Amino acid sequence: MDRRRCLGIGAAWVAAAAWPGVQASAGAQRWVVRMQGDLGLRALPLQLAERLGYCAQERLELLWLPDGDEDSWAEDPALPQVHVLSFDRLVRRMLAGTELRIVMALVRTPQLGLGVATAVRPVQAPSWNQVRIGVPYGQEAAARLAAWVLAQGWGVRPAPSQWWPLEGAAAAEAALRRGTVQALAWGDPLLTRLELDGALHLLADLRHPHQAQRLLGAPLLCTCVAAAPTLFEQHGDGLRRLALAVQRALRWLSTASALDLAAHADLAGLAHERATFLRVLERLRASYSVEVAVERAAVQQSLRLLAALPGGTLYQAVDGQRLLPPRNWTPA
């Protein structure tokens, strides 16, 4: 993980630690939370669980660290730790020989959208072979999902040269406005900002569960918290308390007023753009899991989708049972 991502996660930790509700109770157990660096708002429920004081009430203190790449990751035995990561990265970890099991569900849609620059719309099917599509650098799943949507909706299969990896939202916005790319497969807050500015015409919205179900099938599990199998035996009570804190945060997120939500815009890097943050959550709120429980059907459907996407043959033989928590363990 590069230095900028590490600093970004560190800044989020400092901001959360300064919030009054985050003070841990006496005798709190410290847990390491290793977060995938490009998750963005997909990690919001866990951040809110800490920010709102729910973790402290469960006698938990969280230490946020960046999650290593597949090649460099190793379990640190000093403190119990969990991993916040996308479902596809979790499966790749398993395929690489690392055993992690899902503790709780966080997000049930990809939280992505596929859109074209307003200046070049509408794009007809024969014209798609000339379109350059910007995708987040290092997020292979975004390009594969966009390719699936284009194949299903327009019968288009872009060539490898049409995908343009872009590092960061600023680079993606600049590329779209300059015409370097004519389309984007991206997430929020950039997606909402470009929509509101009239710069992007959305073709497929994978943020809302209904749209995701229509285009990808349902149910899905797209972001989760996972832990090593031994942790369920050695720290099962702590995992349950963490799940309870996140469950409370998810329920709060599903019903919170605009005034309550606006106070946490800094968690999305939008401390000075609270109106934008609220518009983003209008589109994302339904994408978060209402309960933390891991649904077997969602795991199986997510594996089927990964296997069906372009280049997904390596996922076809994955045993979903190996990703589920132990049979005698429940999150709440």
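Trainee: Which residues of α4 meet which residues of α13?
Mentor: Phe87, Asp88 and Val91 in α4 meet Val299, Ser302, Leu303 and Leu306 in α13, where contact means heavy atoms within 4.5 Å. Helices here are DSSP runs of H or I with at least four residues, strands are runs of E with at least two, and both are numbered from the N terminus.

Trainee: Before I go on, what sort of model is this?
Mentor: It is a predicted model, in which local features need pLDDT of at least 70 and side-chain atom pairs count only at pLDDT 80 or more, while totals for chains, interfaces and linings use all residues. Residues are numbered from 1 along each chain as its sequence is written, and side-chain values use heavy atoms, leaving out hydrogens and water.

Trainee: At what angle do α4 and α13 pack?
Mentor: Helix α4 (residues 87–95) and helix α13 (residues 296–308) pack at about 80°, with their axes 11 Å apart; the axes are lines fitted to C-alpha atoms over the stretch in contact, and angles run from 0 to 180 degrees between N-to-C directions. That makes α4 roughly perpendicular to α13, a label for 65 to 115 degrees.

Trainee: Now the sheet: in what order do the strands come?
Mentor: Five strands form an open, mixed sheet in the order β7-β6-β8-β5-β9, with β7 (163–166) and β9 (200–205) as the edge strands, each pairing on one side only. Two strands pair if DSSP finds at least two bridges between them.

Trainee: How many bridges join β5 to β8?
Mentor: Five bridges join β5 (residues 112–117) to β8 (residues 183–187), and the two strands run antiparallel; one of the partner pairs is Leu112 with Gly187 in β8.

Trainee: And which helix lies across those strands?
Mentor: Helix α5 (residues 140–154) lies across β5, β6 (133–136), β7, β8 and β9, running at about 65° to β5.

Trainee: How much space lies in the largest cavity?
Mentor: About 330 Å³, a cavity being a set of points on a 1 Å grid over the protein atoms alone where a 1.4 Å probe fits but cannot get out, lined by residues with an atom within 4 Å of a point. The volume is the space filled by probe spheres set on the points, which are joined across faces, edges and corners. Of its 25 lining residues, Ser86, Asp88, Ala141, Leu145 and Cys222 are closest to the centre, and α4, α5 and α13 each supply at least two residues of this lining.

Trainee: What about the second largest cavity, what volume does that have?
Mentor: The second largest cavity has a volume of about 50 Å³, and its lining includes Leu112, Leu145 and Ala204. The largest share of that lining, four residues, comes from α5.

Methods
Parallel < 35°, antiparallel > 145°, perpendicular 65-115°, else oblique. 1 Å grid on protein atoms, 1.4 Å probe; cavity = no way out; pocket = protein on both sides within 12 Å on 5 of 7 lines; lining within 4 Å.
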